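I opened the model and made a few notes.

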Amino acid sequence: MRLYLVRHGAYRSDYSSERGPGLSPRGEEQARVAGQFLKSQHAKPDVLITSGYLRAQETATQILAQLNVSLEPVESPDFTPSGDPHTMRAIIEALPAQEVLVVGHMTSIGEFAHLLSFQAPAFFDTCTVMAFEFDGTRWKFLWFNDCGRNVL
């Protein structure tokens, strides 16, 4: 199984929705860049998991548009900023999927990535993308790309 972890893009400061703020124009562009990068890596996720927060869902939508993939997101409270990385791992490993895309949040995604491999960064900027490979027993960290860093 291949796993892609993405931190959501930069977001607006408007917290009027119970699902949190949506992406800012910069965050929308970051998500498009992340999607273009994943396309260059031949990503073809067959499962998409998001936290249900608006900024994660909007990031996922932009990425899927770049990949030309249509998936219904699985919203999981286990992938929110306070999600438990061990629970996240159990959920992912139980999926009958070839490629999984998770769009989440700094704290939980960082802890999850670091749990899978000590080589993975635990802290990173918006729209950073990481890839892992699971052989049924162990996770291997493949790469990361800070896709949002140069987007103004």
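By nonpolar core I mean a set of buried Ala, Val, Leu, Ile, Met, Phe, Trp, Tyr and Cys residues joined through side-chain atoms within 4.5 Å. The model is predicted.

**Core.** I looked up the largest nonpolar core and found 23 residues. Leu3, Leu5, Ile92, Val100, Val102, Met130 and Phe132 touch the most other members. At least two residues each come from β1 (2-7), β2 (47-50), α3, β4 (99-104), α4, β5 (128-134) and β6 (139-146). I noted that α4 gives the largest share, five residues. There is also a second, separate core of 22 residues, with Tyr4, Ala56, Leu67 and Val103 among them.

**Leucine 3.** I listed its contacts, skipping residues up to four places away in sequence. Leucine 3 touches Ile92, Val100, Val102, Phe112, Leu116, Met130, Ala131, Phe132 and Trp139.

**Helix pair.** Next I checked how α3 packs on α4 (residues 106-116): the angle is about 70°, and the axes are 9 Å apart. Angles of 65 to 115 degrees count as roughly perpendicular, so α3 is roughly perpendicular to α4. The crossing is right-handed. From α3, I found Pro85, His86, Met88, Arg89 and Ile92 meeting Ser108, Ile109, Glu111, Phe112, Leu115 and Leu116 of α4. By class, this contact has seven nonpolar, two polar and two charged residues.

**Serine 76.** I placed serine 76 in the loop between β3 (74-75) and α3 (85-94). Is serine 76 buried or exposed? Its relative accessibility is 9%, so serine 76 counts as buried. Beyond neighbours within four places in sequence, serine 76 is in contact with Ile49, Thr50, Ser51 and Ile91.

Key. Residues numbered from 1 in each chain as written. Predicted model: local features only at pLDDT ≥ 70, side-chain atom pairs only at ≥ 80, totals over all residues. Heavy atoms only, no water. Helix = DSSP H or I, 4+ residues; strand = E, 2+ residues; numbered from the N terminus. Buried < 20%, exposed > 50% of the residue type's maximum accessible area, 1.4 Å probe, protein only. Contact = heavy atoms within 4.5 Å. Axes fitted to C-alpha atoms, helices over the stretch in contact; angles between N-to-C directions. Parallel < 35°, antiparallel > 145°, perpendicular 65-115°, else oblique. Left-handed = near helix turned anticlockwise from the far one by under 90°. Nonpolar A, V, L, I, M, F, W, Y, C, P; charged D, E, K, R; others polar.
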